[in-house]
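Reader: Hey, can you walk me through this structure? I'd like the overall picture, then some details.

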Amino acid sequence: MKLTLESLRNNLSWKGYRLPSYDIEAAREATHDTPTWLHFGAGSLFRAFPAALAQRLLTAELSKTGVICCEGYDEELIDRVYRANDNLSIIATLYADGHIQKEVIASVTESLKMSEDMDRLREIFCSPSLQMVTMTITEKGYTIRDQERNFLPDFAWDASVGPKAAAASFFGRLAALCLARKQAGQPPIALVSLDNCQNNGTRLHRAMTDMAQAWLDGEFITQEAYDWLVHTLSYPLSMIDKITPRPDIRVTEQLEADGLEGIRPFLTEKGTYAAAFVNTERPQYLLIEDNFPNGHPPLEQLGIIFTNRKIVERSAHMKACTCLNPMDTALGIYGCLLGYKTIHDEMHDPQLVSLITHMSTIEAMPMVEDPGVINPVEFLHEVLSERYPNPFLPDTPQRTATDTSQKLGIRFGETLYAYYNSTVPMHRVSNLTFIPLVLAGWLRYLLGVDDQGKPFERSPDPLLPYLDKLLDGITLGGEPAKEKQLYPLLSSKPIFGANLYEVGLADRVTEMFAELTRGPGAIRATLIKYCGE
C-alpha cells in the first residue's frame, strides 16, 4: 500500500493505524477558501507536533480548517515528502516498552514553496480569516548577520531593493507578505516562532525589525508601514518541546512490514534527513504567550497553554538553559567524540550521565525560576529517566551536535551571566566545573578527531569554516593552545552568549581544552577526573 488518498479509502489495508475520521476533501476546500493557520518550515518537528494538533482540531470538530505548510529553505521536502504523498504523513510515536503508535496525518491541506508560490502566499496573507503564521525554521534561520555584524548577502540584497522587488531572503519575503496584508486592509495577525530556542519570538521580531528599518532608511516604506511590521503585528514567545530524531531504519522496516511502499528515508541535497514518516516520542509541551490580535485556533482545548509572557519566558528558560537543551549539546559533543551512535547508549556511560546530571542539577538549576505551570524538577527527572534512556527513540549525538555554534549562546549564555551578576557567594563563575567542561568539549570536537585519534565527520554548522581558521594549527597531542589564538573565539558573545573572559570562565575552558587535547584517551581521562569513575 502507498501513502495516498486513494489508498486511505481502503481502510482494511491500514490495520493498526489511526486514520483521519473527518472529511479530508472538505477540510482542504475549507482551508483553501478560508485559511486560518499557515506554517513555514516543512521539517520533522512540524509534522510530529503542530500538524498533529491541527488534526486533533479537525477530529474533535473544533475547527473546519487544517494547516497550510510552506518551505522556504529546503524545498526538496515539498516535492519528495509532501506532494509525493498527497500531503499525507505518518507519525510513529515510540514508547520505552517498544510499542509504536502509528497515525496517518491529513491536516496539511496544501504544501507550498516560498520561491515559486508567492502569489498563493499573498492570497493567504490577504485573507481576513488568517489568524496566525507559525514557523519552525531552526535557530540558524534567525541569523541575518555574519560575525562582523554585516547583513548576510540575501538579506543585504533585500535591504537594498525594497519590498516591491523579488525578495531573496526569508525575512524579506515574509515582511513583503505582511505588507501585502496591510495594503489589503486586513487586521493584524500573530507571527509565532515554534523553534526550540529561548526568546524565539524576540529573535523573530528582531529580524523583522531589521528588515523594516532597512526599508525605512532606504525610503522604500513609510513610517506607518514600519509601525505595522514592528508594532502592530504580534510576535508571541513560545516554549515547545518534543524530540523528533531523524527517520530511523528500524521504524522504516516495521512500516514496510505493514506493506507500506516508498517510505525509505533519504538525504536532500541540502543535507536534510527526511521520509514520509516521522518518529517521535510521547512527551510534548507547548506554551504560547497569549497575544493574538486576530484570534487563534482553539488549541487550548487540546491542552496547549496560552499564558502571559513571563510564564512563557520562565518555562523556556527552564528548558533551554537547564533541563534539556544544554544536555542535548553535551551529549551531542561528547557522543561524537566517544563514538556513540545513539543518545540512549550514552545514558549507559557513567561519566556522561554524571556530566549532564551535575551540570543541570548543581550548576544550572539554582538559576532557574519556577514557571509555576511546569515543575522543573519533575521535567528534568522525566528527561533523565524516561526520554533520553528510551531505546526505541533513535536520536543521535550527530543530530544534536548540528549547528552547535548557533545554540551555545542561548543554552549557556544566560546561566553564565546569572552567575556573573549573582551576589550569592556560592554562585561564582569560578565554582563552575561542568558547564566549562562542555564548552571545552566543543572546542575539542571542532578538531574533528575522536578520543582514539581517528578523524570523524563533524555535523553541519554554518560557522565551521570560520572556526577552523581560528583553531588552525591546534592538534591532538600538540602544544596547548595559546590565549592569543583562542581569544577571538572565547570572547565571542554571538557564539557563547557572553564574553568568557569578561565573566571569568575563559581560563577554565582553556585549561580543560588543554587537558582534552593531550593525546588519545585524554577525553575519557578528563571526564573521569571531573565526573568520577
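Author: Here is a short tour, starting with how to read the model.

Author: This is a predicted model, where local features need pLDDT of at least 70, side-chain atom pairs count only at pLDDT 80 or more, and totals for chains, interfaces and linings use all residues. Residues are numbered from 1 along each chain as its sequence is written, and side-chain values use heavy atoms, with hydrogens and water left out.

Reader: Good. How many helices and strands does the protein have?

Author: The protein has 25 helices and 14 strands. Helices (H or I, at least four residues) and strands (E, at least two) are DSSP runs, numbered from the N terminus.

Reader: What share of the residues counts as buried?

Author: 60% of the 533 residues. Buried means under 20% relative accessible area, exposed over 50%, and partly exposed in between, with a 1.4 Å probe and protein chains only. The accessible surface comes to about 21200 Å², and carbon and sulfur atoms hold 50% of that. Those areas come from the Shrake-Rupley method with a 1.4 Å probe, and for residues only the protein chains shown count as cover.

Reader: What about contacts between residues that sit apart in sequence?

Author: Among contacts with a separation of 6 or more, 76% are between residues 24 or more positions apart. Contact means heavy atoms within 4.5 Å.

Reader: OK, zooming in. Why is strand E4 described as largely enclosed?

Author: Six of the six residues of E4, residues 89-94, are buried, so the rest of the structure largely encloses this strand. Both faces are covered: Ser89, Ile91 and Thr93 are buried on one side, and Ile90, Ala92 and Leu94 on the other.

Reader: Which strands does E4 pair with?

Author: One is E5 (residues 100-105), which runs antiparallel to E4 and is joined to it by six bridges. Another is E12 (residues 277-280), paired with E4 in the parallel sense over four bridges. Two strands pair if DSSP finds at least two bridges between them. If you want landmarks, Thr93 stands opposite Gln101 in E5, and Ile90 stands opposite Phe277 in E12.

Reader: What's in the turn between E4 and E5?

Author: That hairpin has five residues between the strands, and Gly98 there takes a positive phi near 95°.

Reader: Which residues other than glycine have a positive phi?

Author: Among them are Glu61, with phi near 60°, and Asn87, also near 60°. Most residues other than glycine have a negative phi. Glu61 is in the loop between helix H4 (50-59) and strand E3 (67-71), while Asn87 is in the loop between helix H5 (76-82) and E4.

Reader: Is each of those two buried or exposed?

Author: Glu61 counts as exposed at 73% relative accessibility, whereas Asn87 is buried at 11%. One more for your list is Glu219, which follows helix H9 and has a positive phi near 60°.

Reader: What does H9 itself look like?

Author: H9 covers residues 200-217, and its end C-alpha atoms are 26 Å apart, which agrees with the 26 Å that its 18 residues should span at 1.5 Å a residue. The expected span is 1.5 Å times one less than the number of residues. 13 of the 18 residues of H9 are buried, so this helix is largely enclosed by the rest of the structure.

Reader: Switching to cysteines: how many disulfides are there?

Author: The structure holds zero disulfides, a disulfide being a pair of cysteine sulfur atoms within 2.5 Å.

Reader: Last one: what does helix H24 pack against?

Author: Its buried residues, including Val509, Met512 and Phe513, pack against helices H13 (325-337), H19 (434-446), H21 (483-490), H23 (500-503) and H25 (522-531).
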